[in-house]
Protein chains: 2
Amino acid sequence: MASGTVTAFDLSEYAAARRALIEQALESYLKESSPRPLWESMRYSVLSGGKRFRALLCLATAEAVENSDVRQGPIERAMSCACAIEMVHAMSLIHDDLPCMDNDDLRRGKPTNHRVYGEALALLAGDGLLALANEILIRKTPSDVAAATILDLAAELSRATGPDGMVGGQVEDCIATGLMSAGKGSTNAGEDKLSLLESIHKKKTGALLRFSAWSGARLMEASQPVLNMLVRYGDILGIAFQIADDLLDTTGNIQTLGKTPGKDLASGKVTWVTVYGVEGARKALADMEEEGNDVLRQTGFRETAIAPLSALLGYAIHRSN
Amino acid sequence: MASGTVTAFDLSEYAAARRALIEQALESYLKESSPRPLWESMRYSVLSGGKRFRALLCLATAEAVENSDVRQGPIERAMSCACAIEMVHAMSLIHDDLPCMDNDDLRRGKPTNHRVYGEALALLAGDGLLALANEILIRKTPSDVAAATILDLAAELSRATGPDGMVGGQVEDCIATGLMSAGKGSTNAGEDKLSLLESIHKKKTGALLRFSAWSGARLMEASQPVLNMLVRYGDILGIAFQIADDLLDTTGNIQTLGKTPGKDLASGKVTWVTVYGVEGARKALADMEEEGNDVLRQTGFRETAIAPLSALLGYAIHRSN
């Protein structure tokens, strides 16, 4: 990872150290077992070397919270949650790539799950990962975390995943692109494009990013005002992440992206770029970076805790894939 | 529901009273919301008048446990869990019916979810129900149930759903029918048909039935020996349920079944009937009914608590759809 804005902090080094721990933990949660094809298929998508952006976000907010009542290291405390988030994310990619959805052949430069394992197994691998994520979050979070805290995390992860989160946003996106009908009496047609876009992305990609930013701090029993600020930071980051995605679809190339660019434009999809143009989208990103950094300064975190969170926001905005 | 074995106890009346409460609770958890097509699709499959067998099982084991420390009514205490189970069950039916799986057009005498809403929405409705089930189990279980108990329930429901449960059994079933490859170095080919069948059904249908029987008693803080007996009862019921299903595929008709019979035979699927024949399968069912009732007597439950559990076992065995 490289960042265009933060100079004093080396995000590459910070991320690499934590990513090694995340990979190790994911590997331990996904040991090959029976039935073998299912575990192979789940492992293929989870252990395919993603950026682990969401997991890093969860660990970074855990590390940012200072709480003398918590004796465990924040990374140890948040690792099962970080891995659960990565599993839910992998599940969403597997199901999104299926022929009845985006019908994609490439993901992170490799054939998509169903291209390797077939549609039936890809479907079930996604289902399996969703259930496994919840089981691991509950069973593998260290036992000195309060049961009420773990319950809160598990409920909120499901909420971020389900009809009010990722899945709901996916449906709204399908309606916006004409893949699904909006149903009788829908008011979607009258909404302006911007508020529709915001609603889609707040759920589709934003809900899991918001959960990632919130969950690490929640695990460290952060105060409610701090949690609220991190939710705000997560929301800004979520929208920025999506605008950057839309920009990359316009300006990126297949080698750095690892997937086919130009698909949104070709499909006539409404994106930040089609609504605002390339320059408008870049301006919106610059505003969001400033706003996100303002929110981080209000948390009262020490400078060394703010630096990675600021760098992760910068990365979401300035990344090339 | 009609039962062929229990005379002193009226299962129809018992089930109808509870089913009305279950429908009411499901309706309250699935209020139409945004995005509308997603909620419509989820409601279509969950509120389509199933038998609610799993939910009844959960309520019945809750009602069977006498615990003076628990002040709440067992039905009130177990209802969110019973509804979560029904949502997971509905999700499994939606995904199983998809073209890449069983490619079924009819379910409970009505068009399958994807025949009404399309494949993309059916896929997402299943995903949404899986997440919603967990959220409801956690957020809607009465607050005087210990957090540790709710955590245990949520983790076990995910386990019963995921790679070690329903989803894993579904994959094993696909391998057995040749829809999927068993993968390199698999030993499945050498296993005898019976142990393969038992493994498939213990996971595919058995895991959720076992969870149903266990969860109601767990919510009432039953003792570990009693919980173990109910797990045994749930396991017997799970296998019996599947043998009865296989028999119905051979001997049932489309009007009472609400789906097309003879599909297993036509597809060359290994079932209890193809392994044992019709008479062998009937004999196995009779043995299981006896064993299940023995286990129930060992629980020490009062007679009026055993009656519904015995009748539910009898129903699973003697049902006509």
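This is a predicted model: local features need pLDDT of at least 70, side-chain atom pairs count only at pLDDT 80 or more; totals for chains, interfaces and linings use all residues.
**Reading a bent helix and its surroundings**

Biologist: What does helix 14 of chain B span between its end C-alpha atoms?

Modeller: A straight helix of 27 residues would span 39 Å at 1.5 Å a residue. Helix 14 of chain B, residues 272–298, spans only 28 Å.

Biologist: Where is the kink in helix 14 of chain B centred?

Modeller: On B:V278, with a bend of about 90°.

Biologist: Which residues of helix 14 of chain B are buried, and which helices do they pack against?

Modeller: Burial here takes 20 or more other C-beta atoms within 10 Å of a residue's own. The buried residues of helix 14 of chain B include B:W272 and B:V273, and also B:A281, B:L285, B:M288 and B:E289. Their partners in chain B are helix 9 (193–204), helix 11 (224–251) and helix 15 (303–318).

Biologist: What radius of gyration does chain A have, against that of a compact globule?

Modeller: A compact globule of 321 residues would have a radius near 20 Å; chain A has 19 Å, which agrees. Of the residues of chain A, 55% count as buried. Chain A holds 15 helices and 2 strands.

Methods:
Residues are numbered from 1 along each chain as its sequence is written. Chains are lettered from A and ligands numbered from 1 in the order in which they are written. Helices (H or I, at least four residues) and strands (E, at least two) are DSSP runs, numbered from the N terminus. The radius of gyration is taken over C-alpha atoms; the globule rule is 2.2 Å times the number of residues to the power 0.38. A residue is buried if 20 or more other C-beta atoms lie within 10 Å of its own, exposed if 12 or fewer, and partly exposed in between; C-beta atoms are placed from the backbone. The expected span of a helix is 1.5 Å times one less than its number of residues. The bend at a residue is the angle between axes fitted to the seven residues ending there and the seven starting there. Two residues are in contact if their C-beta atoms, placed from the backbone, lie within 7 Å.
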